[in-house]
Amino acid sequence: QVQLVESGGGLVQAGGSLRLSCAASGSIVSINDMGWYRQAPGKPRELVATITGAGHTVYADSVKGRFTISRDDAKNTVYLQMSSLKPEDTAVYYCNADIRSSWGSFKSWGRGTQVTVSS
């Protein structure tokens, strides 16, 4: 089995910063793309940022220049450094990873971590 566990969410004032972490564990051979998504109440889940195994990154326009995605392959962990936070960044943040295990390849999701930005 493979598990993704997010951490680092919380309540922060507008203009503040948070760092999210997502650690993958289990029967992992390798991890390709990793990413962060978010879902605000009443809205569909949307992409925030992704990072490939080679380190190439993609960001949603709404977070460019404010968020930075990174990964530590030795720890099977992806990070999201969030700065200059805005109330509209309030959402549940989910991590996602393309996992290759001994029995096959699949996408895995974490359970999410709440980020609330107060004005």
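Me: At 24% relative accessibility, what does N76 count as?
Reply: A friendly note to start: this is a predicted model, in which local features need pLDDT of at least 70, side-chain atom pairs count only at pLDDT 80 or more, and totals for chains, interfaces and linings use all residues. Residues are numbered from 1 along each chain as its sequence is written, and side-chain values use heavy atoms, with hydrogens and water left out. Buried means under 20% relative accessible area, exposed means over 50%, and partly exposed lies in between (1.4 Å probe, protein chains only). With its 24%, N76 counts as partly exposed.

Me: Where is the place of N76, and what is its phi?
Reply: Strands are DSSP runs of E with at least two residues, helices are runs of H or I with at least four, and both are numbered from the N terminus. N76 belongs to the loop between β7 (67-72) and β8 (77-82). Although N76 is not a glycine, its phi is positive, at about 50°.

Me: In which loop is S84 found?
Reply: S84 is another residue other than glycine with a positive phi, near 50°. At 40% relative accessibility, S84 counts as partly exposed. Its loop is the one between β8 and β9.

Me: Which residues form a disulfide?
Reply: In general, a disulfide is a covalent bond between the sulfur atoms of two cysteines. Here the rule asks for a pair of cysteine sulfur atoms within 2.5 Å, and the count comes to 1 disulfide. The sulfur atoms are 1.9 Å apart, and the residues are C22 and C95.

Me: How many residues apart are C22 and C95?
Reply: Both C22 and C95 are buried. C22 is in strand β3 (residues 18-26) and C95 in strand β9 (residues 91-101).

Me: How far apart in space are G53 and V5?
Reply: G53 sits in the loop between β5 (46-51) and β6 (57-59). With a relative accessible area of 45%, G53 is partly exposed. G53 and V5 are 48 residues apart in sequence, and their C-alpha to C-alpha distance is 19 Å.

Me: The charged end of R45 sits over the ring of which residue, 3.7 Å from its centre?
Reply: A charge sits over a ring if NZ of Lys or CZ of Arg is within 6 Å of the ring centre and within 35 degrees of the ring normal. R45 lies over the face of W109, at 4.7 Å from the ring centre. At 3.7 Å from the ring centre, the charged end of R45 sits over Y94.

Me: How much space lies in the largest pocket?
Reply: On a 1 Å grid over the protein atoms alone, a pocket is an open set of points where a 1.4 Å probe fits, with protein on both sides within 12 Å along at least five of seven lines; lining residues have an atom within 4 Å of a point. Grid points are joined across faces, edges and corners, and a volume is the space filled by probe spheres set on the points. The largest pocket has 13 lining residues, and those closest to its centre are R38, A40, K43, E46 and E88. Its space is about 170 Å³.
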